[in-house]
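Trainee: I am new to this structure. Please show me how to read its features.
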Amino acid sequence: METTTLTFLRHATAQDRALGLPDESRKLVDKGKKQMQRVADFCKQRQLMPAYLLCSPLVRARETAQALQKNLSACPNPKMVPWLANTDPDTMQAELEKLANSGLNDLWLVGHEPDFSSLISQLLGRREAIIKVKKASLIRLEVDFQTGIGELQWSIPNTLMK
């Protein structure tokens with residue numbers, strides 16, 4: 001069984017929706033920038049390095065991916081993919097399967113809720129959401145795209161990254 005490693009990173013804390021800004025242009029706030037420094041430090045200490053870094057085109061996700069790349073010296077540049085922005089889990093799973101079938105592995109995905117919780121739950125074999133992805137947290141799955149089923153490897157909320 002050939003598996004693909006997927007690491008999900010929800011965007012860090014961004015400007016509040018209540019400010020009335022267009023959703024796609026909300027930027028990271030200071031708290032979010034500090035969260036991303038914590039993520040990068042955590043990854044350095046544990047020698048976690050993406051082979052591929054994909055992100056949603058929404059500003060807060062791009063800034064999250066760019067902060068990871070900036071603070072993690074060997075991290076690849078993020079590549080924006082539109083299907084990580086407010087897309088249904090079936091579409092995201094199909095896109096990931098295409099990437100896996102093309103030989104890509106160790107994909108890090110920067111995106112949003114509730115998209116990630118829906119996709120992760122689906123990859124774990126459930127149609128209803130069974131997990132909630134906190135801001136600037138990391139979740140790793142090993143997925144067999146032949147069966148479409150994954151296995152949770154670990155989930156680390158930002159507050160526990162020391």
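Mentor: Start with Arg60. Arg60 is buried, with a relative accessible area of 3%. Buried means under 20% relative accessible area, exposed over 50%, and partly exposed in between, with a 1.4 Å probe and protein chains only. This is a predicted model: local features need pLDDT of at least 70, side-chain atom pairs count only at pLDDT 80 or more, and totals for chains, interfaces and linings use all residues. Residues are numbered from 1 along each chain as its sequence is written, and side-chain values use heavy atoms, leaving out hydrogens and water.

Trainee: Which side chain meets Arg60 in a salt bridge?

Mentor: Side chains of opposite charge can pair when their charged atoms come close. A salt bridge needs a side-chain nitrogen of Lys or Arg within 4 Å of a carboxyl oxygen of Asp or Glu. Here Asp23 meets Arg60, at 3.2 Å from N to O. Asp23 lies in the loop between E1 and helix H1 (30–45) and Arg60 in helix H2 (residues 59–71), so the pair ties together parts 37 residues apart in sequence. Helices (H or I, at least four residues) and strands (E, at least two) are DSSP runs, numbered from the N terminus.

Trainee: Which residues are linked with Asp23 in a network of salt bridges?

Mentor: Arg26 and Arg60 are linked with Asp23. The closest N and O atoms of Asp23 and Arg26 are 2.7 Å apart. Arg26 counts as buried, at 6% relative accessibility, while Asp23 is partly exposed, at 25%.

Trainee: How many salt bridges are there by this rule?

Mentor: The count is 6. Among them is Asp41 with Lys44, at 4.0 Å from N to O. Both lie in helix H1, 3 residues apart, about one turn of the helix.
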